[in-house]
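Subject: Structure for your files

Hello,

The structure is below, with the sequence.

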Amino acid sequence: MTHFHRRSDVLHVEDVALPVLADQVGTPAYVYSAAAIRSRYTALSEALADLDVSIHYAVKANSNQAVIKLLGGMGAGADVVSAGELARALAAGIPADQIVFAGVGKTKDEIRQAIDADIHLFSVESQPELEAISQVAASVGKSARVALRVNPDVDAKTHAKITTGKAENKFGVEIGFAADFFTRAAALPAVRAVGLSMHIGSQLLDLLPYEAAYTRMADLARDLMRKGHALELLDLGGGLGIEYGADKAPTPKDYADVVRRTVGGLGLKLAIEPGRWMVGAAGLLLTRVVYVKEGSAKRFVIVDGAMNDLIRPTLYEAEHRVELVSGASETAQRPADLVGPICETGDYLARNRDLPLVNAGDLIAFLDAGAYGAVMSSTYNSRPLVPEILVDGAKWAVIRERETVAHLIARDTVPEWLV
Ligand SMILES: *Cc1c(COP(=O)(O)O)cnc(C)c1O
C-alpha cells in the first residue's frame with residue numbers, strides 16, 4: 001500500500017488526504033494514484049526489458065482519457081475492443097501504429113474506422129471476420145495487418161465469467177484451424193496475416209495456464225513457419241492477476257520468466273495486453289456511510305456507493321479490501337455487510353467483513369478498484385455516474401465530472417404523439 005497509506009490515522013492517496021477529496025468532490029468517487037500506475041508500468045516493462053516486447057494497455061480496464069494518456073506517456077500502446085475504445089485511445093494520443101484491436105464481433109463500420117486510422121493490428125477471431133476485414137480494406141485501397149486469435153483450450157483457473165481460452169468460450173479460433181486460416185488469408189486481396197494472438201482470461205493468479213498456452217502457441221508458430229507462413233509477431237494477451245483480499249499474485253519477474261522460456265526464442269516480436277495489472281491496484285472507490293443498521297443476524301453498513309458504481313463484488317464475487325478512512329485503529333471489530341442503497345439483494349460491495357464501530361458520515365474506501373470499476377458502472381436506479389479523481393503527489397484533479405440527474409433525464413425524449 002505504498003501509494004495508499006495512513007498519516008495520523010487518515011488514509012491518503014499519495015500526499016492527498018481522502019477527507020479533503022470527499023469534501024471537495026463529494027462521494028462516491030473513484031480516486032486513482034498516478035504514481036501507482038507509473039510504478040506498475042515500470043515494473044512490468046523492466047521485467048520484460050531483455051525481450052522484444054511491446055506493451056499494449058487494455059483500455060477496457062480503465063478508459064479515462066487521463067489514465068490512457070498517462071500510460072501512453074510512459075510508452076504504452078493500446079489494446080482496444082470497440083470503435084469507442086479506438087477513438088478514446090486515439091484521442092488520448094496513442095499512436096495508431098501502437099493500437100491492436102481484438103473482439104469477436106467487430107462490425108464493418110468499426111473495421112472501417114480502424115483501417116482509416118491505420119492501426120497496427122487486428123486480432124481476428126473468425127473466418128467471416130477475416131473476410132470482412134479484407135473486403136473493407138480493399139474498398140478503400142488499403143491492406144490490413146491481422147493476427148489470428150487462437151483459442152489454446154487452456155483453463156485459466158480464474159472466475160468462469162472471465163475465462164476466455166477454453167474451447168467452449170466464444171473467443172478465438174481453434175488451434176487445428178490455424179494453418180487453414182493462414183492459407184485462406186494468403187488468398188485474400190487486402191489482408192496480411194502477420195502473426196498469432198491469444199488471451200485466455202483475466203485475473204490469472206497461476207502462471208501454469210500461461211505456461212501451457214504460450215507453449216502451445218510456440219509450437220503452433222514453429223509449425224506455421226515450417227509450412228512457409230511468414231510470421232512476424234506473437235501477441236500474448238493480458239490477464240495477469242492482482243492481489244485482491246488474500247490473493248497471491250505472480251510477480252512481473254515470474255511472468256517474464258514464463259514468457260522468456262516459452263516464446264522468447266522464436267525470433268518473433270512479442271506483444272502483451274495488460275489491463276487490470278496496470279491500474280487495478282492504483283484506484284479505490286471512496287464512499288460515505290449513510291446509515292448503520294443493526295439486525296439480529298447481521299450488521300449492515302449502508303454506504304452511498306452501490307453495485308452500479310462497482311459491480312465486481314456481485315458480478316464476480318470479487319473481494320475488495322475495505323478501509324475506514326479514519327478511525328481504523330480502533331480495536332473492537334465486528335462483522336458487517338457493506339451494502340448500497342439499490343433495490344437489489346445483489347447490491348453489496350463487501351460481505352462479512354470485520355470492521356470497527358462505524359457511524360453515519362464516516363468515509364469508507366474499497367481498494368483495488370482501479371480496473372473494471374468506473375468503466376463497468378451504470379446509472380441503474382437513476383444514480384448518476386460518479387466522478388473520477390487522479391492524484392499525483394500533492395496535486396489532484398477531477399478527471400471525470402460527476403454526472404447530474406438533469407443530464408440523465410435530458411438523454412430521454414418523449415415522442416410528440418404521447419403528450
Ligand atoms: C480484456 C482483455 C485484455 C486485458 O485483460 P486484463 O485481465 O485486464 O489484463 C487483454 N486482451 C484482450 C483481447 C482482452 O479482451
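Two strands are taken to pair if DSSP finds at least two bridges between them. On that basis, I389 stands opposite V398 in β21. Please keep in mind that this is a predicted model.

Strand β20

β20 covers residues 388-392, and four of its five residues are buried, so the strand is largely enclosed by the rest of the structure. Buried here means under 20% relative accessible area. β20 has two pairings to report. With strand β4 (residues 29-33) the sense is parallel, over four bridges; within that pairing, S33 has V391 of β20 as its bridge partner. With strand β21 (residues 395-400) the sense is antiparallel, over five bridges. β20 and β21 make a hairpin with two residues between them, and G393 in the turn has a positive phi of about 65°.

Helix α8

α8 runs over residues 208-226. At 1.5 Å a residue, its 19 residues should span 27 Å, and the end C-alpha atoms are 27 Å apart, which agrees. The buried residues in α8 are P209, Y210, A213, Y214, M217, A218, L220, A221 and L224. An α-helix has 3.6 residues a turn, so residues three or four places apart point the same way. The elements that cover the buried residues of α8 include β9 (144-151), α7 (178-187), β11 (191-197), β12 (233-235) and α9 (252-263). Just after the helix, G228 takes a positive phi of about 95°.

Regards

Conventions:
Residues numbered from 1 in each chain as written. Predicted model: local features only at pLDDT ≥ 70, side-chain atom pairs only at ≥ 80, totals over all residues. Heavy atoms only, no water. Expected span 1.5 Å × (residues − 1). Buried < 20%, exposed > 50% of the residue type's maximum accessible area, 1.4 Å probe, protein only. Contact = heavy atoms within 4.5 Å.
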